[in-house]
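Visitor: Hi, I've got a structure open and could use a quick tour. Can we start with a pair of helices?

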Amino acid sequence: MIELTKENFDAEVLQAQGLIFVDFWSEKCEPCMALMPEVVAFADKNAGRAKFCKLDTAGNRRLAIAQKVMGLPTLVFYKGGEKVFSFNKEAIEEGGIAAVQAKLDELVGGGM
Amino acid sequence: MSQPYDILIVGAGPGGLTAGIYGSRARLKTAIIEKGRAGGQAATTMEMENYPGFYEKTTGPGVMDQFAAHATHFGTEIIKGQVTDLDLSGEIKKVTTKTGETYQARTVILSPGAQPRTLGVKGEGQLRGKGVSYCATCDADFFEELDVVVVGNGDAAIEEAMYLTKFAETVTVIVIHNEGVLDCNKMSAEKAMKNPKIKWIWNSVLDEIIGDELVEGVRVKNIKTSEISDLDVNGVFVFIGSVPNTDFLQGKVALNKWGYITTNDKMETNIPGVYAVGDAREKYLRQVVTAAADGAIAAVAAERYLEGHVEGRVTPEDLSKLNA
């Protein structure tokens with residue numbers, strides 16, 4: 001997964017083409033740490049279908065807020081530089097990574 | 001299918017981990033199924049200074065890592081999975097996870113924990129993760145130089161309010177009681193009252209959370225005068241107690257009307273060989289120390305139950321029958 005920062009976020013996400021997935025996380029967020037292995041496995045499994053990135057909000061707080069993210073974990077899909085769908089903690093807990101997979105399939109079109 | 005576990009524990013919070021320590025040390029084949037990271041709710045709170053022996057620079061995640069290391073050190077297996085179904089009738093119990101794995105066990109200790117209660121006010125759902133939070137350690141960083149409100153006045157609310165003052169510009173605590181009355185422990189109350197960054201709104205409840213894409217403010221209602229006032233804030237932290245994670249146990253073990261698992265003082269549920277510990281249990285005080293105590297009791301009760309099923313061993317029950 002590509003590590004995003006305030007330096008590369010514009011180029012990698014907002015100016016980029018295609019479907020982009022961003023995991024907003026931080027080390028202090030226990031649920032984020034618990035989720036991380038599943039997110040990495042999800043990214044590996046779907047390699048090539050979207051660009052998979054993660055953003056450590058520690059040190060990139062203003063960037064996260066500018067993206068309307070003020071709670072962790074948050075998983076966001078961007079397309080053509082626009083936010084198209086976002087999962088907050090509650091949605092992740094409810095649907096698990098399966099819901100994120102379903103959303104990816106829907107956004108890519110055609111499924112796997 | 002492999003050999004059944006002697007003790008299978010559902011949930012690796014402090015109660016489940018302690019049951020693991022006791023079970024493993026009794027040389028019983030013991031495993032814990034945990035959906036996320038070990039530690040339960042205790043791992044989401046930074047300020048923790050009431051677990052005996054740990055009071056200097058200790059954190060919730062730090063103490064919980066020690067619990068988990070302790071359990072695995074003595075042989076407890078921690079399995080990643082989310083339990084979705086259980087068959088608790090019969091001598092061999094079956095526990096099934098979301099991904100379809102089934103585990104067999106001779107006893108089951110339920111330690112599913114609880115999760116934060118939500119307010120149920122307008123704006124709360126859609127602004128969750130956008131300024132509304134139930135986890136200060138997760139989200140406090142975002143509120144550096146910003147203003148937040150805390151709803152609640154128990155231990156968690158007041159301790160997290162103090163934690164938030166390290167980040168936020170102001171922390172306003174909305175308290176339903178009369179001025180000066182807090183449900184939290186006296187030591188925390190005294191500390192919080194002296195903290196210049198904490199402001200108080202008494203006799204009041206949160207009525208609505210306002211904001212389009214991020215939290216912009218809250219509407220506060222005074223319960224004595226019914227007066228409504230608006231407050232500009234960027235964050236809302238809610239600590240108003242918890243609800244047990246027992247939906248998956250409906251119809252499997254006896255629950256009280258609030259969904260807490262009912263047990264006796266041996267942590268036995270209404271099903272033989274099935275025990276419950278920690279915050280999901282009907283009990284007086286929900287703390288790490290009481291969850292740990294529950295775990296020890298349940299593991300020992302499970303051990304005795306298993307012994308009762310070993311041929312040739314005389315149990316206390318046999319003796320009382322002899323004396324009868």
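This is a predicted model: local features need pLDDT of at least 70, side-chain atom pairs count only at pLDDT 80 or more; totals for chains, interfaces and linings use all residues.

Visitor: At what angle do the axes of α1 and α2 of chain B cross?

Guide: At roughly 25 degrees. Angles under 35 degrees count as roughly parallel, so α1(B) is roughly parallel to α2(B).

Visitor: Is the crossing left-handed or right-handed?

Guide: Left-handed, as α1(B) passes α2(B).

Visitor: Which residues meet there?

Guide: From α1(B) come Pro14(B), Leu17(B), Gly20(B), Ile21(B) and Ser24(B). From α2(B) come Met64(B), Phe67(B), Ala68(B), His70(B) and Ala71(B).

Visitor: How do those divide into nonpolar, polar and charged?

Guide: Seven are nonpolar and three are polar. None is charged.

Visitor: Let's zoom out. How many helices and strands does chain B have?

Guide: Chain B has seven helices and 17 strands. Its C-alpha atoms fill a box of roughly 70 × 40 × 40 Å along the principal axes.

Visitor: What share of chain B is buried?

Guide: Of its 324 residues, 46% count as buried.

Visitor: New topic. How many residues do chain B and chain A put into their contact?

Guide: Chain B gives 19 residues, and chain A gives 20. On the chain B side, the largest share comes from helix α3 (residues 136–139) of chain B, with three residues.

Visitor: And what kinds of residues are on the chain B side?

Guide: Five are nonpolar, seven are polar and seven are charged.

Terms used. Residues are numbered from 1 along each chain as its sequence is written. Chains are lettered from A and ligands numbered from 1 in the order in which they are written. Axes are lines fitted to C-alpha atoms, for helices over the stretch in contact, and angles run from 0 to 180 degrees between N-to-C directions. Helices (H or I, at least four residues) and strands (E, at least two) are DSSP runs, numbered from the N terminus. Angles under 35 degrees count as roughly parallel, over 145 as roughly antiparallel, 65 to 115 as roughly perpendicular and the rest as oblique. A crossing is left-handed if the near helix is turned anticlockwise from the far one by less than a right angle, and right-handed if clockwise. Two residues are in contact if their C-beta atoms, placed from the backbone, lie within 7 Å. Ala, Val, Leu, Ile, Met, Phe, Trp, Tyr, Cys and Pro count as nonpolar, Asp, Glu, Lys and Arg as charged, and the others, Gly among them, as polar. A residue is buried if 20 or more other C-beta atoms lie within 10 Å of its own, exposed if 12 or fewer, and partly exposed in between; C-beta atoms are placed from the backbone.
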